[in-house]
Amino acid sequence: MKKFVDDPALFVHDMFEGIYLANQDTLEWVPEYNILYRKNMPQDKVLIMQGSGSGHEPAHSMIVGQGMLDACCPGNVFAAPPMDYVLECTKILARTPNKGILHLINNYTGDRMAWDMGKEMAEAELPDQEIGVVIVNDDVAVQDSLYTVGRRGVAGNFFVIKACAAAAEQGKSLAEVVAVGEKVNGWIRSMGIALSSCTPPAKGTPIFEIGDDEIEVGVGIHGEPGRRRDKIRPASDIMDEVFTAVANDLPYEAGDRVAVMINGLGGTPISELYLLYGLAAKRCAERGLVIAKNYVGEYCTSLEMQGFSLTLCKLDEEIEGYLNAPAAIPIRVF
Amino acid sequence: MPMETLSQAQVDTVVLTMADVAIQNEAHFSELDGVMGDADFGVSLAAGFKVVKANWASFDHSSIGSALLDVSKAITANTGGTSGPVWGTLFMRTGLAFRGRTELTLTDIVTGLRSAIEGIMKRGGAQLGDKTLVDALDAIATSLADSDASGQGTLLAAFAKAADAAYAMRETSKGWIAKRGRQANTGERSIDTYDPGIVAVGDMAQAIVTALSA
């Protein structure tokens, strides 16, 4: 394993330190609980937080800012946050007068339990604080998997965060923001392909083995097995399979407006991502789907894994408006 | 109802005894888990309780509840797999039930245990009879509630009776099919095996009685 790292056990801490030092004008950092939160926390709106594991950057530690998350509390690499991270992060948000706190949770068994416990503790300590929950589960590849009951939450998570945050900035109530999140989650579908494995720094070895000529079809963002192991094929063939799986999972009609995301899993050059976008765009056109927004780049990664995921997000006027709302976060302005 | 109460110092003994049992039986519990599961239960449980012992002095000991909540955080953060949230919920629910308290009646203990059992069932999805530690905890709570209702005997006698009930549950449940946790993957092959969680709760209950009698 070759990585730019000092003490592998402190990898996440040291990454957070860098994020904080680069963004001291907008972020506060609580090292004990992997918490980053907005320095000038806006008042009287729904405040949104997410955790999940580290190793998926820019999700979630690099997307705290106006129009996106108000705070994040991820666990170690590919590990759910311990419940006290959730509790402490909730308590920090609760210090600001708000219209409720929203827990956005990707659907993994460990995350579900940790957030459930953190919420229960927070409700006991903060009896007057309203807390809402939205579960994200957009991965069409497999029904149950290594770490889930039901579908996994993957890159489509971005659309839920963006829409909920925009609704919150507009002053919507907690119930309204939760409804937006559930609507978007119902309209996102994703699937990923891996060309290579990845190595969590503290583990030191790849999370799975894959041959030079092999691909994992439907890979999870922690390297969990997908639908099957296959041989590498032309990009068009791969996109045919992924696009069909994603687009057929939701009833679409010709003329429907969609957002298309080609998400890099960490080790794929932007050139290949745009090549893949072209293939996806042509398939949208063949179906009569109108691409209203496109996203090509890294949104939810698996460390240095080579691979990509495709997400389609169905749009209506409301959701498209939320996606178009301004946002300002450390890595990118949407 | 027995007249005495369980003091905060005695609750401390209960927790530290549980920790000792988990740590001393690390290999044994993993071995039991290895029969039908993935052989990590003992290691996971010991890892969590080792942190509880190591950090014990730094916990908030202003009440029984505050200390139990700190135990819960340490267990949840340091116990691998689903054992973390499950055992963490045991201490979280009792901690919430005993907030601000410095002594407990038998009625309090039953209330706290019932809340913990309800929380664990909600969190892990286990039902009574699924052959999980919930069955052992339920045997203890039921026995303690019976003693409480009878109003006879000492607190320690009620504990001893409850520990025997937990011990009996390991034999009763041996013939059951596991329906939750890793053991459940083996279906009927889980018949005639001990569930490691049920065994651990029984061993802890027996050790608690011994420690409180000392």
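**Chain B, overall.** I read chain B along its sequence and wrote down the pattern β-α-α-α-α-α-β-α-α-α-α. That comes to nine helices and two strands. Worth a reminder to myself that this is a predicted model.

Next I looked at the dimensions. The C-alpha trace of chain B spans about 45 × 40 × 30 Å along its principal axes. As for burial, 51% of the 214 residues of chain B count as buried. I then took the contacts in chain B with a separation of 6 or more, and 67% of them come from residues 24 or more positions apart.

**Chain A, domains.** The contact between them takes 28 residues from domain 1 of chain A and 34 residues from domain 2 of chain A. On the domain 1 side, H4 and helix H5 (174-187) of chain A are the elements that give two or more residues. By class, that side of domain 1 of chain A has 18 nonpolar, six polar and four charged residues.

**The core.** Now the largest nonpolar core, which has 168 residues. Which residues have the most contacts inside it? My list reads Ala71(A), Ala163(A), Cys164(A) and Ile140(B). Helix H4 (residues 157-169) of chain A gives the largest share of this core, ten residues. Why does the core lie between the two domains of chain A? Because domain 1 (8-187) and domain 2 (188-318) both give residues to it.

Leaving out residues up to four places away in sequence, Ala71(A) touches Ile35(A), Leu36(A), Tyr37(A), Met49(A), Val64(A), Cys89(A), Ile92(A) and Leu93(A).

**Cys73(A).** I moved on to Cys73(A), which lies in the loop between strand S4 (71-72) and helix H2 (83-94) of chain A. Buried or exposed? Cys73(A) has 29 C-beta neighbours inside 10 Å, so it counts as buried, the cut-off being 20 or more. Not counting residues up to four places away in sequence, its contacts include Tyr33(A), Asn34(A), Gly51(A), Pro81(A) and Val86(A). I also noted the distance to Asp84(A): eleven residues away from Cys73(A) in sequence, and 9.7 Å C-alpha to C-alpha.

**One helix to finish.** Helix H3 (residues 109-125) of chain A has 17 residues. From its first C-alpha to its last it reaches 24 Å, close to the 24 Å expected at 1.5 Å a residue. H3(A) is also mostly covered, with 13 of its 17 residues buried.

Notes. Residues numbered from 1 in each chain as written. Chains lettered and ligands numbered in written order. Predicted model: local features only at pLDDT ≥ 70, side-chain atom pairs only at ≥ 80, totals over all residues. Core = buried A, V, L, I, M, F, W, Y, C linked by C-beta atoms within 7 Å. Buried ≥ 20, exposed ≤ 12 C-beta atoms within 10 Å, placed from the backbone. Helix = DSSP H or I, 4+ residues; strand = E, 2+ residues; numbered from the N terminus. Domains from an automatic or database assignment. Contact = placed C-beta atoms within 7 Å. Nonpolar A, V, L, I, M, F, W, Y, C, P; charged D, E, K, R; others polar. Expected span 1.5 Å × (residues − 1).
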